[in-house]
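Visitor: I would like to learn how to read ring pairs, pockets and cavities from coordinates. Please take me through one case.

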Amino acid sequence: MTDSHQLQEQAPPRGSALPQQAAPPKQRDAFFDNAKYLAIVLVAAGHAWEPLRGDSRTVTACYMALYALHMPAFILISGYLSRSFDGRPDRVQRLLTGVALPYVIFQIAYTYFQRWLQDDEDTYLPLFEPHWLMWFLLALLAWRLTVPLWKAVRHPVPLALALAAAATASPSIGNDLQLQRILQFLPYFVLGLVLRREHFQRVRTRAVRLAALPVFACAVLVAYRVLPRMKYTWFYHRESAQEMGEPWWTGIVLTLVMFACSLVLIACFFALVPGRHGWYTKLGAGTLYGYLLHGFLIKGARHWGWYDPEVMHHEPAALLITTVVAGLGMTLLCTPVVQRIFRPIVEPRLDWAFRREHAAR
């Protein structure tokens, strides 16, 4: 008979090193994956609504309210998830392969896809003129590289707001590299950097949840009222006040007003985001895939006449159909199957191009 005490693990001899155990894999936060998925669905819906605007004040008001929410929310989440970036070589490698290289690949792909649709034989390749939605990758690259700067300054959000306001009064910045958008959307990214998990919990209360839908409805009503006096393109954040036909000080005022309005909508959005795991949670890991790929469907839908049927000429039906199709399409593009297929071009490894110790890390 073996004594049970003899089965206890013996202490290692003095001086011997204990074997190091691998750190457990970092768990993903279901709340932020859910938020990313829902935000990217709203982005797709906004792009799908664009051809419906026409002369419809109602559709344009819905479009304007949506644009006040979806990209600011998505950028704020991107800032929150970028807090750990410190310029370490392995993180720079991931930034280059996961953001910079996909920008180059998809900038080329979208350029030639658009020319194929238009039978355009132009051979010029505008690598530094982001095509349509490609501005976000270029902006994310710039924002993430500046994370150590925002961590060092004392009042990062007011400073970012000051830069955004100054950009709206500076038409000389031009459109190269979409610098206007990089600067004007910067406050949302910086705000995400300084927020903590408890800040999100503060808006996830019953009172805010009950107020969320009425607030969204009020946003549409306000957009409907201000449309004759304010262009919806202000929420693109891609032009200065002077380029919008307004005096320079208008851009400074609207920068602050739009930031405040977007924060209210973002708070309501976060209040409604589920905090538990659901069938959609795993799709939050594939939002970059959905973002980069859905543009081909949106561009193709307009070219192939998907908006031409008679039912698409009725506002309620058209909004419902495009929203449902956009949601289903974005859901499909974020699935693990699509991620596996397109991972070589969306998240290429390229370990051979970097020092071995950084690639392994």
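This is a predicted model: local features need pLDDT of at least 70, side-chain atom pairs count only at pLDDT 80 or more; totals for chains, interfaces and linings use all residues.

Visitor: How many aromatic pairs does a search of the whole structure find?

Guide: A pair of aromatic rings is described by the distance of the centres and the angle of the planes. Rings of Phe, Tyr and Trp (its six-membered ring) pair if their centres lie within 6.5 Å; planes under 30 degrees apart are stacked, over 60 edge-to-face, the rest tilted. The search of the whole structure gives 29 aromatic pairs. Trp135 and Phe136 make an edge-to-face pair, with 6.0 Å between centres and 85 degrees between planes. Both Trp135 and Phe136 are buried (under 20% relative accessible area; exposed is over 50%, partly exposed in between; 1.4 Å probe, protein chains only). Ring pairs also link Trp135 and Phe136 into a cluster with Phe74, Trp143, Phe185, Tyr188, Phe189, Phe259 and Tyr291.

Visitor: What is the volume of the largest pocket?

Guide: Rolling a probe the size of a water molecule over the atoms shows where empty space is left. On a 1 Å grid over the protein atoms alone, a pocket is an open set of points with protein on both sides within 12 Å along at least five of seven lines; in a cavity a 1.4 Å probe fits but cannot get out; lining residues have an atom within 4 Å of a point. Points are joined across faces, edges and corners, and a volume is the space filled by probe spheres set on them. The largest pocket has about 1,800 Å³. Of its 43 lining residues, Arg28, Leu81, Arg94, Arg144 and Glu347 are the closest to the centre. Helix α4 gives the most to this lining, with eight residues (helices are DSSP runs of H or I, at least four residues, numbered from the N terminus).

Visitor: Which residues line the largest cavity?

Guide: One cavity of 30 Å³ or more turns up in the whole structure. The largest cavity has a volume of about 60 Å³. Its lining is Leu161, Ala164, Thr168, Gln184, Pro187, Tyr188, His237, Thr255, Met258 and Phe259. Helices α7 (156-168), α9 (186-194) and α12 (248-272) each give two or more residues to that lining.

Key. Residues are numbered from 1 along each chain as its sequence is written. Side-chain values use heavy atoms; hydrogens and water are left out.
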